[in-house]
Amino acid sequence: MRLLRIGPPGRERPCAVGPGGVVRDLSSWLPDWTGPALDPEALRETAARLAREAARLPAVDPAAERVGPPVRPGGHLLSIGLNYRAHAAEAGLALPDEPIVASKAPSTLVGPYDDLLLPPGGEKTDWEVELAVVIGRRAQYLPDPAAATGHIAGYATGNDVSERSWLLERGGQWVKGKSFESFGPLGPYLVTPDEVGDPGRLRLTCRVNGRTMQDGSTADMVFEVSHLLWYLSRFMVLHPGDVVLTGTPGGVALGRPDQPYLRAGDVVEAEVSGLGAQRQRCRAAVPDGTGSAFPGPPAEPVRTRS
């Protein structure tokens, strides 16, 4: 099943792609894609019901309304660093012995077509296309990596945007460079594991102004998805709706000779095979905080298949 949330910020409705590729509004069945609704067993039941009863639900045109992040903001956002061999190599750093874990503020989470706000004074804002994993069932002290698969609600395309000056030049603590508003575009879809197949064989691409900057595969991961979730569960509780961004392949601005960091007017397109593409236009954030990252409906229709 492919899940979406559609509507203005804070008023998104839970939706899903039904038979024939028609997006349906599921708000009469559940309040949002959050909590118990994300449990893998609950998702299987919802998928079966959707197959039977889709025609009874209102159809939604994703091109006519804003597409929000596919899970409700408020959960924990975790970012895994240096988890691709090619990215570690371009950064000139050794592969980690254990996963490197950073946090992102919940306010970074936005929809796949919302604007990317460049922070005041930020001169090194960088793209990072990533496979995002959404937790569907509480996970704590998992006995082994194999047990992690039963706690996954699904996968999504993510962009772990980073302001390198705050991340690398302000005394460490990567959370500072990853927590600016709009630095966590997610979606358009949350795709359940049965439709994804092997998460270790997915292609990730990122284009800036039409130029391909990243083109990698999750096969290049140092620590695969189930290992990451098992590892995280050893020292924190993972709750439904938490998002784990699993690392980025090579090709970020930091690793390029000309370091072409993002500027106002740039367009960033990130995609993970089978999970859908997202598109953000960069613009300067308003220093007094009165700006908005939400421009309205996307300029192009959402594709129900990628």
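Modeller: Let us start with strands and helices: these are DSSP runs numbered from the N terminus, helices being H or I with at least four residues and strands E with at least two. Two strands pair if DSSP finds at least two bridges between them. This is a predicted model, in which local features need pLDDT of at least 70 and side-chain atom pairs count only at pLDDT 80 or more, while totals for chains, interfaces and linings use all residues. Residues are numbered from 1 along each chain as its sequence is written, and side-chain values use heavy atoms, with hydrogens and water left out.

Biologist: Which residue takes a positive phi in the hairpin of strand 2 and strand 3?

Modeller: Gly-20 does, with a phi near 75°, and that hairpin has 5 residues between the strands. Strand 2 and strand 3 run antiparallel and are joined by 3 bridges; Ala-16 has Arg-24 of strand 3 as its bridge partner. Strand 2 also pairs with strand 1, in the antiparallel sense, over 4 bridges. Between strand 1 and strand 2 the hairpin has 6 residues, and Gly-7 in the turn has a positive phi of about 140°. Ile-6 stands opposite Arg-13 of strand 2.

Biologist: Where do the buried residues of helix 1 lie around its axis?

Modeller: The buried residues of helix 1 are Pro-40, Leu-43, Thr-46, Leu-50 and Glu-53. They cover an arc of only 160° around the axis, so they lie on the same side of helix 1; the arc is that of the directions from the helix axis to the C-beta atoms. The face turned away from this buried side carries the exposed residues Glu-45, Ala-51 and Arg-52. The cover over the buried residues includes strand 1, strand 2, strand 3 and strand 12 (152-159), where contact means heavy atoms within 4.5 Å.

Biologist: What does the largest nonpolar core contain?

Modeller: In soluble globular proteins, nonpolar side chains tend to be buried together. A nonpolar core is a set of buried Ala, Val, Leu, Ile, Met, Phe, Trp, Tyr and Cys residues joined through side-chain atoms within 4.5 Å. Here the largest has 51 residues, and Trp-127 and Leu-262 are among those with the most contacts inside it. A second, separate core of 24 residues includes Ala-16, Ala-54, Leu-57 and Ala-156.

Biologist: How is strand 19 placed among its partners, and is strand 19 mostly covered or open?

Modeller: Strand 19 (residues 267-272) has 5 of its 6 residues buried and is mostly covered. Strand 16 and strand 19 run antiparallel, joined by 5 bridges, with Val-268 as the bridge partner of Val-208. Strand 19 also pairs with strand 20 (residues 276-284), in the antiparallel sense, over 6 bridges.

Methods:
Buried means under 20% relative accessible area, exposed over 50%, partly exposed in between (1.4 Å probe, protein chains only).
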